[in-house]
Amino acid sequence: MNPDQAQAVLRDALRDIAPDADLAVLDPEEDMRTAFDLDSVDFLSLVEAIATRTGVEIPESDYRTVRSLRGMVDHLAARSPG
């Protein structure tokens, strides 16, 4: 999965959890939880939705890294098969 594909997966998953969230206005380093007012359950739902769509598991130990757009995209691109 390349970074553009990873961002598309993130955008689609985020749309289901926070329909008003717009990745286009998000600083790539900004914490998505704060920017889009995601509580812990929302964030967990986002992580699970992405894992389901991509087959890429995101262990709890990586949550700190995947809070930002760049962190999530980099994580998915680096760990996705093919």
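1. A nonpolar core is a set of buried Ala, Val, Leu, Ile, Met, Phe, Trp, Tyr and Cys residues joined through side-chain atoms within 4.5 Å. In this predicted model, the largest such core has 24 residues, and those with the most contacts inside it are Leu10, Leu46, Ile50 and Met72. The elements that contribute two or more residues to this core are α1, α3 and α4. In soluble globular proteins, nonpolar side chains tend to be buried together.

2. As for the overall fold, the chain contains 4 helices and 0 strands, following the pattern α-α-α-α when read along the sequence. The chain has a radius of gyration of 11 Å, which agrees with the value near 12 Å that a compact globule of 82 residues would have, and buried residues make up 39% of the chain.

3. Leu46 deserves a separate look: leaving aside neighbours within four places in sequence, Leu46 is in contact with Leu10, Ala13, Leu14, Ile17, Met32 and Leu38.

4. Helix α4, which spans residues 69–79, has Leu69, Gly71, Met72, Val73, His75 and Leu76 as its buried residues, and what covers them includes α1 (3–17), α2 (32–35) and α3 (40–54).

5. Ser68 lies in the loop between α3 and α4. Is Ser68 buried or exposed? Its relative accessible area is 10%, and because buried means under 20%, Ser68 counts as buried. Apart from neighbours within four places in sequence, Ser68 is in contact with Pro28, Glu29, Glu30 and Met32.

6. Turning to charge, the chain carries 8 positive and 17 negative side chains, and the centres of the two sets lie 4 Å apart.

Conventions:
Residues are numbered from 1 along each chain as its sequence is written. This is a predicted model: local features need pLDDT of at least 70, side-chain atom pairs count only at pLDDT 80 or more; totals for chains, interfaces and linings use all residues. Side-chain values use heavy atoms; hydrogens and water are left out. Buried means under 20% relative accessible area, exposed over 50%, partly exposed in between (1.4 Å probe, protein chains only). Contact means heavy atoms within 4.5 Å. The radius of gyration is taken over C-alpha atoms; the globule rule is 2.2 Å times the number of residues to the power 0.38. Lys and Arg count as positive and Asp and Glu as negative; His and the chain ends are not counted. The place of a charge is taken as NZ of Lys, CZ of Arg, CG of Asp or CD of Glu.
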